[in-house]
Amino acid sequence: MMHRRLFLKILAGGFLASCAPGELASSPIKTNVLRPPGAIPEDLFASRCIRCGRCAESCPYRSIKILDLRHGFYAGTPVIYVEKVPCYLCMRCVKICPTGTLRKVSQKEVRMGLARVNRRLCVTWKGEGICRSCYNACPFREEAIKLDRLRPVVMPEVCVGCGLCTYACPVRPKAIVVEPIYAFRTSR
Amino acid sequence: MSKRPKRLRYGRWRYLSLSAAFLLILITPLLNLYFHFTFIQGWYQSLGIGRLWIVSPLEGLESLLISKYLYLPSLIGMLIPILVAFYLGRVFCSWVCPISFLHETVDKIRAWLFRYHPITWRDRLVLSLRLLWVALIGEFLLSMILGFPIFVFVSPPGLVGRELMLAIIFHSFALEGFIVLAILLLHFVTRRFYCRYLCPLGGLLAFLGQKRRLKVRLKSRKCSACGICEKVCPLGLPVNRGGSYSPYCWNCGECVDYCPTGALKFYWKRSYYLKPVSVEASKARSGNPLPDE
């Protein structure tokens, strides 16, 4: 045991220089950084996930990435960076998760987060032009994103938080982002 | 010299089995990436062959203890490795584990380059084998205190598979790969240092395999106490003093291969709870059960 401890200590010392100490024990989930579909709440996620990485392996779009040791206790858990590759809701990962960390949910029951339109950044809301990239990209068009006089409005009851809208948004910084509001609900 | 071709039988088969197991986790991500062949997925943390899931018992148990949540597919997936360990002992460690494959490959390279041989090798640091239990219990206690599974992302048997998957699919390595390198470096201090003293998965499988059916039997009458078995045993078990009956033995068959007198043989204990037939009774039944050598 001592050698692994010692080794880990040396390793940890190296990381502390490169990343904030608080990051080791705090969840990596934040705006546009989401858990895969069907994930159980964040307070149990890291303890139930066995880090087998099969969700990442089965993901045909390579949306799911595996965190590395720099994320401390959350190392090895899967995340989706929707700005890089969003989730296309193929629902393969939920079928193969061996521990039930990703629950078997249908496409419409997925709640990875909730899309939020920043009206100060959105071209259409500012009245500078007509863009409906997010509306076109949404897998539940006219249900999750509706147009209010051509301006996009998110329906929170329907939005699954897949991030396709964020990925499609041409504005920098993104005018529509996904907030993982469901990940931090306390479970049970 | 007539016995010569019979030697190194188990060693050959074991290396073949280890190579096949390593190839499986190497080829699976390649097939997945280039041919969308998803029938076989994962590695030795969680392996999916069609609808059959195999979950590593240590990771599954840790996840179960920490999240206090029973999930049936996970329990069923743990059943196969547990049954294998129950009947055959730690065979996963010596016949399947990719870390074992890397160790044996390193040994082959050393034998080729530096004329390394287990009989002439001397372990630099020898500790008590009980350290394995400390590793297992300490691992569970620490994860339960912290509330996070520790072993899952530094578990070397799973790590090799994950590194291979990351390298093939994402074209990157995770930092944890250095743990594998560290383990291989420790191997140059003491043979199988990590497997002997530190591996919690090995500890769990050893615990499950305490009453295993498959064991290496020592025929004391044939034994000349040459001590070769103890030298070649990757775990340094004192085989000629009953080491192969201890829970640590992982049935690799190395001692059986090297034993010059043939005193060591694999045997399958029919039932653990039946008393062995005494010599007198077997003599009475069949005229001469123990022919003279």
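What follows is a chat about the two chains of this predicted model.

Q: Before we start, what are the ground rules for this model?
A: It's a predicted model, where local features need pLDDT of at least 70, side-chain atom pairs count only at pLDDT 80 or more, and totals for chains, interfaces and linings use all residues. Residues are numbered from 1 along each chain as its sequence is written, chains are lettered from A and ligands numbered from 1 in the order in which they are written, and side-chain values use heavy atoms, with hydrogens and water left out.

Q: OK, how many residues of chain A are in contact with chain B?
A: 40 residues of chain A touch 54 residues of chain B, where contact means heavy atoms within 4.5 Å.

Q: And how much area do the two chains bury?
A: About 3800 Å² between them, with 67% of it on carbon and sulfur atoms. Buried area here is the accessible area (1.4 Å probe) that two parts lose on being put together, summed over both.

Q: How many salt bridges between chain A and chain B?
A: The count is 0. A salt bridge means a side-chain nitrogen of Lys or Arg within 4 Å of a carboxyl oxygen of Asp or Glu.

Q: How many over all chains, then?
A: 12. One of the pairs is A:Arg116 with A:Glu179, at 2.6 Å from N to O. A:Arg116 sits in strand S4 (residues 114-117) of chain A and A:Glu179 in strand S7 of chain A, so the pair ties together parts that are 63 residues apart in sequence. Strands (E, at least two residues) and helices (H or I, at least four) are DSSP runs, numbered from the N terminus.

Q: What about the hairpin of S5(A) and S6(A), how many residues between the strands?
A: There are 2, and A:Arg149 takes a positive phi near 50 degrees. A:Leu150, in the loop between S5 (145-148) and S6 (151-154) of chain A, has a positive phi too, near 70 degrees. The two strands pair antiparallel over 4 bridges, including A:Ile145 with A:Val154.

Q: Where's the cis peptide bond to A:Pro173 coming from?
A: From A:Arg172, with omega near -10 degrees. A:Pro173 is in the loop between helix H7 (164-168) and strand S7 (176-179) of chain A.

Q: Now chain B. Which helix lies across S1 and S2?
A: H1 (residues 9-35) of chain B, running at about 130 degrees to S1(B). Axes are lines fitted to C-alpha atoms, for helices over the stretch in contact, and angles run from 0 to 180 degrees between N-to-C directions. The strands S1-S2-S3 of chain B form an open antiparallel sheet in that order.

Q: At what angle do H5 and H8 of chain B pack?
A: H5 (residues 98-114) and H8 (residues 156-170) of chain B pack at about 85 degrees, with axes 7 Å apart. H5(B) and H8(B) are therefore roughly perpendicular, a label for angles of 65 to 115 degrees. B:Pro98, B:Ile99 and B:Leu102 of H5(B) meet B:Pro156, B:Pro157 and B:Val160 of H8(B).

Terms used
Parallel < 35°, antiparallel > 145°, perpendicular 65-115°, else oblique. Pairing = 2+ DSSP bridges.
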